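Subject: Handing over the two-chain model

Hi,

Here is the structure I promised to pass on to you. Have a look at it first, and then read my notes below.

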Amino acid sequence: MRDERTPDDFVKIEQALKRLPYFDPSPGFADRVMARVTRFQPLAAPGSIEPVRRVPMPELAPQRDDVVHYLRRPLPVRIAAMALVGSAAVTMSVIILIAAMRPDLFVFVAQIFGGQAFGFLAALGNEVAGSVLGDAGLSYVQAASVAGAATIGTFVLGAAGATALLRAAASPTRKAA
Amino acid sequence: MHILMMWLLAPGHHHGAWSQIGLAISWLLVVLVIGFAVISVAGDKIEIVVNTIRDGVGKSIGSGLLGHLAILPGAVAVVVLLAVTLIGVLIIPLGLVAYILAVAGIAMFGFIAVALLTGAALTGGKSRDETPRGAMLRAFVTGTCAYLGLWIIAAAFAWMPLIGALLRSLAAGATFVAVTAGFGAVLRSYWRGDFSKRAATG
């Protein structure tokens, strides 16, 4: 559809608009209009704004800590879990009952395995020290000689040097770089 | 964990300088191959551990020392937990092997992060690489050579009784701190939930 109006017609419209008087809405006009509008949500006013309550999405909600999560597992999984937990509970209960009735038995067991445990730890420490320091270094340390002290000193020196290097590498200036 | 790592890294009770040098170089190559694979597959997680070390070297070393102390009780706990379930008695050996592998893996992961941080400091942030991953690999190689180079030097002087022992002790001390700091940083990152945060944010 083609507009048949000429530029002179727009001039007339402009002059007619200029002749209209200036007017503005009366005080409270917007409130009176809004009073007739159905509002489904309370309007946010200064001082009464409440943060939107964040509801976790189902896929982000923690489920592993919930017992219900395990109750929803398939039946074989539930049976296996119940068997594991049940057997552990029964065993622990039996151990506690025996400990309450026969403390001498526990002292006996502790004496046997305690000595073995200390022997194992000593052998393990000796083996590790031998592997790390070498046969010569370990013999120096065990001899408690000046060379042994120097061996321990160089170990501490190496540890201190590595610590200083790491601190320098982690310093804020390097971090910024 | 330093016990296991240093036992692995140390040339051991092999006599002869050449055999010790060869063993140290072999371990250097093994660590490099493992490090390349880990950085390629889990470079973002390595960055998390590096940032944890930067957050506090002392905290990482302290956490690592506590972690070392917890290794043996942890193994005992694995055995006890498997034993009390009765069904798990049969898989105690497998459980122990899995536990040792897990601990060794954590230690290696941490050592890679420490080597990367050390290498980045030694190279001085030179921008000769086009990609960040390339810069990571360069820093890792530099740091690994720095730490395992100490073992190679110590092995080269193994024929001199006192000097060789002192150099070996020096290398052991530096490696101890590196492995301990890395081990502690991995534990701290896991404890603070940094890995899961990164996974959630993508």
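**A pair of helices in chain B**

Helix H4 (residues 71-84) of chain B and H5(B) have axes that come within 10 Å and cross at roughly 150 degrees. Helices here are DSSP runs of H or I with at least four residues, strands are runs of E with at least two, and both are numbered from the N terminus. Axes are lines fitted to C-alpha atoms, for helices over the stretch in contact, with angles from 0 to 180 degrees between N-to-C directions. H4(B) and H5(B) are therefore roughly antiparallel to each other (the term is for angles over 145 degrees). Their crossing is right-handed, that is, the near helix is turned clockwise from the far one by less than a right angle.

Which residues meet there? From H4(B) they are Ile71(B), Gly74(B), Ala75(B), Val78(B), Val79(B), Leu82(B) and Ala83(B), and from H5(B) they are Ile92(B), Gly95(B), Leu96(B), Tyr99(B) and Val103(B). Contact is counted when C-beta atoms, placed from the backbone, lie within 7 Å. By class, the contact has ten nonpolar, two polar and no charged residues (Ala, Val, Leu, Ile, Met, Phe, Trp, Tyr, Cys and Pro are nonpolar, Asp, Glu, Lys and Arg charged, and the others, Gly among them, polar).

H5(B) has 32 residues and spans 46 Å from first to last C-alpha, close to the 46 Å expected at 1.5 Å a residue (1.5 Å times one less than the number of residues). After H5(B) comes Gly124(B), with a positive phi near 70 degrees.

**Before you go on**

This is a predicted model, in which local features need pLDDT of at least 70 and side-chain atom pairs count only at pLDDT 80 or more, while totals for chains, interfaces and linings use all residues. Residues are numbered from 1 along each chain as its sequence is written, and chains are lettered from A and ligands numbered from 1 in the order in which they are written.

**The two chains**

Chain B has eight helices and zero strands, and 40% of its 202 residues count as buried (20 or more other C-beta atoms within 10 Å of the residue's own, all placed from the backbone). Chain A has seven helices and zero strands, with 10% of its 177 residues buried.

Where they touch, 36 residues of chain B are in contact with 37 of chain A. H7(B) gives the largest share of chain B's side, 16 residues. By class, that side has 26 nonpolar, eight polar and two charged residues.

Best wishes

Conventions:
Contact = placed C-beta atoms within 7 Å. Buried ≥ 20, exposed ≤ 12 C-beta atoms within 10 Å, placed from the backbone. Parallel < 35°, antiparallel > 145°, perpendicular 65-115°, else oblique.
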